[in-house]
Amino acid sequence: FLVEYLIYRSIKLADLPKIALRTGIVTAIVFILIAMGQAFSWTVSFGRIPNMILPPLLGAEPSAVRILLVLTLAYFLGCMFVDPIVVIMILTPIFKPAITASGLDNVLIGIIVTLQAAIGSTTPPFGCNIFTAMAIFRQKYVDATRGSFPFIAIMMVVSLLLIFFPQIALFLRDLSVR
């Protein structure tokens, strides 16, 4: 507020009620999405849906790489269409048993999930960061998405590198533990 008001002089005190109202509406929408995501997550877990979905995808003895590939694809596709917070709340209980059973590192999982949320949020057709960029920069959809594809490709390559060489993600943590 101080920077916008004192330095850039882009807002006036009379604008504050309108700004507060718009902020409140956006915040309410996010909290409604989170609540619905939590309810859906509970329903999925209660219905034991992960026990029905994951075995065909992962196989009888899933390797760590296979789990990471399925996890990556699920979070990427989910974040393309829904807010990342909601996707994380829905998919985490589904994948947790398989991740725990495989012994995968939680830090690696967190990095991969965060990366997929970032990629999915910037990927057309419905990545939420696209619409945020359109609103902030007052750009058309085509203009907001035009420059994103090289970055998406680079982040996908990074995802594959992290899946096949997890030491990349864990190097600094492991170095600090010594």
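Which residue forms a salt bridge with Asp 143? In this predicted model, the partner of Asp 143 is Arg 146, and the closest N and O atoms of the two are 3.1 Å apart. Both residues belong to helix H8, which covers residues 141–146. They are three residues apart, about one turn of the helix. Arg 146 has a relative accessible area of 55% and is therefore exposed, since the cut-off is over 50%. Asp 143, at 35% relative accessibility, counts as partly exposed.

**Salt bridges**

Side chains of opposite charge can pair when their charged atoms come close. The structure holds three salt bridges.

| Salt bridge | N to O distance |
|---|---|
| Asp 105 and Arg 173 | 2.8 Å |
| Arg 146 and Asp 143 | 3.1 Å |
| Arg 173 and Asp 174 | 2.8 Å |

Asp 105, Arg 173 and Asp 174 are linked in a network of salt bridges.

**Aromatic pairs**

The structure holds two aromatic pairs. Phe 1 and Tyr 5 form a stacked pair, with 5.4 Å from centre to centre and 10 degrees between the planes. Phe 1 counts as partly exposed at 49% relative accessibility, and Tyr 5 is partly exposed with a relative accessible area of 29%. In the other pair, the ring centres of Tyr 75 and Phe 95 are 6.2 Å apart and the planes stand at 35 degrees, so the pair is tilted. The pair of Tyr 75 in helix H4 and Phe 95 in helix H5 links distant parts of the chain, 20 residues apart. Tyr 75 counts as buried at 2% relative accessibility, and Phe 95 is buried with a relative accessible area of 4%.

**Helix H4**

Helix H4 runs over residues 64–81. Its 18 residues, at 1.5 Å a residue, should span 26 Å, and the end C-alpha atoms are 26 Å apart, which agrees. Buried residues of H4 include Ile 67, Leu 68, Val 70, Leu 71 and Thr 72. Tyr 75, Phe 76, Gly 78, Cys 79 and Met 80 are also among them. What do the buried residues of H4 pack against? They pack against helix H3 (49–58), helix H5 (84–102), helix H6 (106–121) and helix H9 (148–164).

**Backbone features in loops**

A cis peptide bond joins Pro 124 and Pro 125, with omega at about 15 degrees. Pro 125 is placed in the loop between H6 and helix H7 (128–137). Arg 9 is found in the loop between helix H1 (2–8) and helix H2 (16–46). The phi angle of Arg 9 is near 55 degrees, a positive value in a residue other than glycine. Is Arg 9 buried or exposed? At 66% relative accessibility, Arg 9 counts as exposed.

Definitions and conventions:
Residues numbered from 1 in each chain as written. Predicted model: local features only at pLDDT ≥ 70, side-chain atom pairs only at ≥ 80, totals over all residues. Heavy atoms only, no water. Helix = DSSP H or I, 4+ residues; strand = E, 2+ residues; numbered from the N terminus. Expected span 1.5 Å × (residues − 1). Buried < 20%, exposed > 50% of the residue type's maximum accessible area, 1.4 Å probe, protein only. Contact = heavy atoms within 4.5 Å. Salt bridge = Lys/Arg side-chain N within 4 Å of Asp/Glu carboxyl O. Phe/Tyr/Trp six-rings, centres within 6.5 Å; stacked < 30°, edge-to-face > 60°.
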